[in-house]
Amino acid sequence: MNKKSYSDLVKNQELIADVVDLTYEGLGVVKVADFPIFVADALPDEVIKLSVTRVLNSYAFGRVIDRIKVSADRVTIKHPEMIASGIAPLVNLAYPAQLAFKQKQIQQLFHKAGIDDVEILPTLGMADPTHYRNKTVIPVKFQNGKLVTGFYRRGSHKLVPINDYYLNDPKIDAAVGIVRDVLNDFHITAYDEITRQGLLRYILVRRGYHTGQMMIAIISTKKKLPQERSIIAAITAKIPDLTSLILNYNPKQTNVQLGLDNRILFGEPVIHDTLLGLDFEIAVNSFYQVNPQTTAILYTKAAQLAELKGNELAIDAYSGIGTIGLSIADQVKKVIGVEVVKSAVDDAQKNLLANHIQNAEFIAEDAPKQFAIWAQQGIKPDLVFVDPPRKGLTIDLIRALGMMRPAKLIYISCNPATLARDAVLIKSEGYRIAKPVLPIDQFPQTMHVESITVFQTGSD
């Protein structure tokens, strides 16, 4: 049987099969003569009756008709729309099993990359793995004669109406509903991707976990809303503790949610929150970790694993608004942060001044380019923290790292696939993985997992 083609499978065909694994998107994996069928809401160790919904050259999709054998790790789904939309594909899996799956995911990816001499610790989880997000960006559509908020059904353009997003701070969910209903009352139109008509694209809400300050941004295709003053008055009357209300102008025909043009409708341009005792200023476009509870644990553990002595020159690559660099500033001699997004560097400078930190600086530059410059200048940091986006590190940065040769590299990863790939290249530069990898569940109920890996030169 050719793995690349299984022509006997047809749409609407019904099968009984074992679920053998989960994909990194949270879909159950069924195999027919080694040909994979991906099925939503199907867990390993289950036997299901499924209907084939789509057949492609090398894989197919199906849906569950019946469960003949149910996994011992299955839990009652209180929010099935989380699976339908793909927002939280693991809500059907008991939390201890989620943590074990994420540990196994990292183990498998390191093994696939040819790295077997590394220990992956059990995933560090949350006491309450729900309602943890401090930010949400919700699409808005016009359905059945009114504005509807929710998320798109997995693999489609149909919006699933949702009021309780399960992962968000409940006050954020309430604010989304209030803003949607106010805009509905004023007959604000939703943007239509096909006709390219309409105003409202998304509603963004951020809330400080420690401060309670709330920011709402209305993302619009126009620079001004009809009856704008009345809309502002209605929203602020219903959310009296609102800190910031902003109109974000985004006319572009892309999947990018936020534009760069922000106008304050009410209150302040930013909100504040605290992290590890530091005050951070957060703007509409700022990157700030969405789970503040585990972020504090993540950065604390990273500093502990780095075994800081107090006399180090530390570099914080992909430094964003300075959260990592500023959180370790009191434990090292000096921190230099490098970040390509100029507005993030501006925010980092404000945060540095607001917290009266004098041994840190931030540079607006592409990290790989700046690393190469430092290597040529003979600058040798004692250690480097990297917290890259999901695409991981570039080859140029890893090569420059090898030239600068800091004694330690603390790699905070949000994507174990690119971490495993990068680990091979980092090891080729003369580094070894010096400690067990620590997974941290920054995003419960989803497939995502953060981890900390310590790379070190030498053999001791």
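Glu339 is found in strand E16, which spans residues 334–339. In this predicted model, Glu339 has a relative accessibility of 11% and therefore counts as buried, the limit for that class being under 20%. Leaving out residues up to four places away in sequence, Glu339 touches Tyr318, Ser319, Gly320, Ala344, Val345, Ile363, Ala364 and Glu365. The UniProt annotation "binding site", taken from an unreviewed entry, covers Glu339 together with Gln289, Tyr318 and Asp387; one of these annotated positions, Tyr318, is also among the residues that Glu339 touches.

A further annotation in UniProt, again from an unreviewed entry, places the feature "active site" at Cys414. Cys414 lies in the loop that runs between strand E19 (408–413) and helix H10 (416–428), and with a relative accessibility of 15% this residue counts as buried. When residues up to four places away in sequence are not counted, the residues touched by Cys414 are Pro388, Pro389, Arg390, Val449 and Glu450.

Helix H10 itself contains Ala423, which counts as buried at 0% relative accessibility. Apart from its neighbours within four places in sequence, Ala423 is in contact with Phe110, Ile115 and Phe455. Between Ala423 and Leu22 there are 401 residues of separation in sequence and 24 Å in space, taken from C-alpha to C-alpha. Another buried position is Glu281, at 17% relative accessibility, whose place is in strand E14 (residues 278–282). The contacts of Glu281, again without residues up to four places away in sequence, comprise Val270, Ile271, His272, Ile321, Lys350 and Asn351.

Turning to the sheet architecture, 7 strands form an open sheet of mixed pairing, in the order E8-E7-E6-E9-E10-E11-E12. Strands E8 and E12 (261–267) stand at the edges, and because each has a single partner strand, one side of each is left without a neighbour in the sheet. On average, and with direction ignored, neighbouring strands of this sheet are turned by 35 degrees against each other.

Within this sheet, strand E9 (200–207) is listed between E6 and E10 in the strand order. All of its residues are buried, 8 of the 8, so E9 is largely enclosed by the rest of the structure. E6 and E9 pair in the antiparallel sense over 5 bridges, with Ile138 standing opposite Ile203 in E9. On the other pairing, 7 bridges join E9 to E10, and these two strands likewise run antiparallel; here Leu200 stands opposite Ser220 in E10. E9 and E10 form a hairpin with 6 residues between them, and Gly212 in the turn has a positive phi of about 75 degrees. Helix H3 lies across E6 (135–143), E7, E9 and E10 (214–220), and runs at about 145 degrees to E9.

Tyr165 has a relative accessibility of 3% and hence counts as buried. Elsewhere, ring pairs link Phe38, Tyr59 and Phe61 into a cluster.

Charged side chains are also placed over aromatic rings. Arg201 lies over the face of Tyr191, at 4.5 Å from the ring centre, while the charged end of Arg405 sits over the ring of Tyr431, 5.6 Å from its centre.

Conventions. Residues numbered from 1 in each chain as written. Predicted model: local features only at pLDDT ≥ 70, side-chain atom pairs only at ≥ 80, totals over all residues. Heavy atoms only, no water. UniProt positions renumbered as here; feature names shortened; annotations may be inferred. Helix = DSSP H or I, 4+ residues; strand = E, 2+ residues; numbered from the N terminus. Buried < 20%, exposed > 50% of the residue type's maximum accessible area, 1.4 Å probe, protein only. Contact = heavy atoms within 4.5 Å. Phe/Tyr/Trp six-rings, centres within 6.5 Å; stacked < 30°, edge-to-face > 60°. Lys NZ or Arg CZ within 6 Å of the ring centre and 35° of its normal. Pairing = 2+ DSSP bridges. Axes fitted to C-alpha atoms, helices over the stretch in contact; angles between N-to-C directions.
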